[in-house]
Amino acid sequence: MSATLTLRLVSLLIAFGAGLGLAAGQTPTVTAKPEAALAPKKQLAAVRISGGIKLDGVLDEAAWQQAGAATDFIQNRPNPGPPERHKTEVRILYDDANLYVGAIMHDVSPDSILREFTARDNFGNTDFIGIFLDTYADKLNGYGFFVTTGGVQMDARYSPAGGEDFNWNAVWDSRTSLQGTDWVAELRIPYSAIRFSNQPEQRWGLNFMRQRKKENQAFFWNEVKPEVNGFVNQWGELTGVRDITPPLRLSLTPYVSSYVNDDPLHKEGTRRTTTSFNGGADVKWGINESFTLDATLVPDFGQVQSDNQVLNLSPFEVQFNENRQFFTEGTELFNKGNLFYSRRVGATPIGYYGLSDTDSTKVVRNPAETRLLNATKVSGRTSKGLGIGVFNALSNDVYATVRHKESGEEREVLTQPFSNYSIAVLDQSLKNNSYVSLVNTNVTRWGRTYDANVTGGLFRFANKKNTYAVDGSVVYSRRRGTAFNSEQEINDQDGYKYTIGVGKTSGKFTWGLNHRIESDTYNPNDLGILFGNNNISQSMYAAYRIYKPFWKVNNLNMFGELNHSLLYKPTRYQNMGYYLGANTTFTKSFLQMGFDFNVDPRNHDFYEPRQYPLGEYYVRVPGSTSLVYFINMDPRKKFQLNWNVGARVYGLDERLPRERRTRYSFGAYPRYRVNDHLTFRYNIDWSLQNNQIGYVNGGMSSTESLDEPFRGQVVLGRRDVATVSNVLSVAYTFTNRMSFTLRARHYTSNVRYADFARLTPGGYEELIDYRRNRDNTYNAFNVDAVYSWWFAPGSQVSIVWKNAGSTYLLAEEATPQYFNNFNNTINTPHNNSLSVKVLYYLDYLDLRRKRTR
């Protein structure tokens, strides 16, 4: 039955998609329209020099005049196509060790050259110039180096998996200057910062980008057409680079750090104030011209930004952002197929939640994080376009301390065994923006528990004109062993997932069809993340974009989607939905506005009851309609206000005497830029869900007498959930290498129950006389204050103060009053941490040059 129904749905979607494509294009042919064709590729020749260049932002060396200039840039934003009116000239020089970029940006007057200072890798209200390099000329992967008028540096990697990834950081240098109505940038990019093959002549993909923030304009040297699929494939070519050798890339970045931590809620028998001193190092070693080893030894991640903790009422875990630089930098290969969720490495021990106080014992210490011993990455790409990546990390045993209440005797309990995490990736770049990839992830744990392995194959094939493409994946998950500290075998030992998609990828009108199956035993969550398996889903989307100005707007984007989902085993209907969205930007005011509109027929939520295997119990969710509307003001203004408002209204559930479900939301994000150094930002997000039906979190307790009659049953509650999140940020940038930021966040979520029902098989609910008060309120408060000084390329001093506190109020203590919650949170004892960390970058090539002088 499942195969027949799936084939029928896929056939229907393909037929409907083909009809939609023909109706919109008015032609049965698949030839690309002229506007979807690549622009002609420009070429720029670099000039070899000897003796280097003095990096001062003044292009006064004679060599700069000998090099040809890249000019005649083409506008990409706000509307593509027009040539630049204010000329840009970019030249390239090179020697045995570095690539030099000299750029002159002509303008009208000094007032037209905006110059906001920001922290590294942050675009502000400023002009910039950027260079893009595709060093293997595979038209898929590349580097980007940017510098603003104020000298702030930004760098990024480009890849099909990671898109534009500004988490990547390289060590390079730059200087800028203002010269009358012009501004000048001079960049030195060491060959050690990039990777390229060892060949007599290098032919790299090349492009330049200039931003004139005064007019919200962006220009590319080699035209980048927004209707053409891909970015790296639209770059020009760099010629003339000969007889350079990939250098020995070897650097060491040792660190020392010191922490003072004050915990007023410290466990009994432990000190309130503790101190620590740490040391370690990051190592980069270029194994050959293509591959680099990155290793972190005894890493210290204590200064990363605090997680945005939330009250989680859903059946799925919360996915947090990755803020640890080692796991965000240069990981584009490891993110292939979305099989790697880096927060699994060094995560909460698997036995953490299985330990609690009993009648005779008390948990004195239970570490919530797993300390890493080391982590290593090896990655690179050969001259034939084969990308290879290997990742490995080791974590040590983690123990909790349990004390016997009567005897006072303490014992250690293992909560996380010694573990090895590894990933291996092969990624072959092909012509026409295509690729094939093989990914394997593995977690091996010592002791009495289970191991996990996931293997996936990925592909994308596009036609010669890169206007149509088919992509897909096949993934197999394997788990072997027993649950932690148990003799019970893992019940999801073998599982699989496959996806297939086809679509039109270039032109004003694009469309796609997608089909996916995740088996009921597919589980990649030991090193990846998946919120729910056991799915058969299919979708169809279409988009139409107008890039040229018309009426009073610069552009118009319209897009829609139809999706449908079944439970895989047993094959049962889950949900379907229709989506329509649009946005545009007004020509004169640069005001952006848009909307998202959803219509969802009645669906069945098999996950909310928390009953496994899935299929027998589900929560019926009435059909609903939602609309979200947003407006973003011009970011060039001193004061900018972005905001959104949304509402979702559900149909009546006539089976029980309940009020209609509703959900309302509002968000406002004002920003005030005092001057080019100081900026204030404030974010507020508010939502109210009325008459939401959901599983009573925590279930029925054996220690609560009011729960006893309902133990073993699925109890749902009708509840109102009000959530407010406030974030205040202050950023002061002293110079392009020194900054101070402060971020304060208060989050509160209040849950109040109105009545309760017993869920029975088939989605039926019966109101019950359940008397226990299950109201709750969760509050979280965090402050992160960071002073950062890059005192030399790759070398940094950072001073961080963190303040954190939270409360979880139950039953009568829970309060819906916002200011009561805020005062309660502020007056609750908080954990405070002050830390100082020093990184010092040591490059072997620099040390060798100094020795030979």
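Which residue lies over the face of phenylalanine 326? It is lysine 377, at 4.3 Å from the ring centre; a charge sits over a ring if NZ of Lys or CZ of Arg is within 6 Å of the ring centre and within 35 degrees of the ring normal. Likewise, the charged end of arginine 157 sits over the ring of tryptophan 168, 5.8 Å from its centre.

Good morning, colleagues. The model is predicted, with local features requiring pLDDT of at least 70 and side-chain atom pairs pLDDT 80 or more, while totals for chains, interfaces and linings use all residues. Residues are numbered from 1 along each chain as its sequence is written, and side-chain values use heavy atoms, leaving out hydrogens and water.

I turn to the sheet. Five strands form an open sheet in the order 2-4-5-11-10, with mixed pairing. Strands are DSSP runs of E with at least two residues, numbered from the N terminus, and two of them pair if DSSP finds at least two bridges between them. Strand 2 (47-48) and strand 10 (173-179) each have a single partner strand, so one side of each is left without a neighbour in the sheet. Strand 4 (residues 88-94) and strand 5 (residues 98-106) run antiparallel and are joined by seven bridges. Within this pairing, isoleucine 92 stands opposite valine 101 in strand 5.

Next, the aromatic rings. Rings of Phe, Tyr and Trp (its six-membered ring) pair if their centres lie within 6.5 Å; planes under 30 degrees apart count as stacked, over 60 as edge-to-face and the rest as tilted. The count by this rule comes to 47 aromatic pairs. One of them is edge-to-face: phenylalanine 123 with phenylalanine 166, 5.3 Å centre to centre and 90° between the planes. Phenylalanine 123 lies in the loop between strand 5 and strand 6 (128-134), and phenylalanine 166 in the loop between strand 9 (163-165) and strand 10, so the pair ties together parts that are 43 residues apart in sequence. Phenylalanine 166 also forms a tilted pair with phenylalanine 146, at 5.8 Å and 40°. Both phenylalanine 146 and phenylalanine 166 are buried, whereas phenylalanine 123 is partly exposed, with a relative accessible area of 38%. Buried means under 20% relative accessible area, exposed over 50%, and partly exposed in between (1.4 Å probe, protein chains only).

Finally, glutamine 234 is placed in the loop between strand 13 (217-220) and strand 14 (236-242). Glutamine 234 is buried, with a relative accessible area of 2%. A polar atom of its side chain lies 2.8 Å from the backbone nitrogen of lysine 225.

Conventions: Helix = DSSP H or I, 4+ residues; strand = E, 2+ residues; numbered from the N terminus. Polar contact = N/O pair within 3.5 Å; in protein donor to acceptor, adjacent residues only side chain to side chain.
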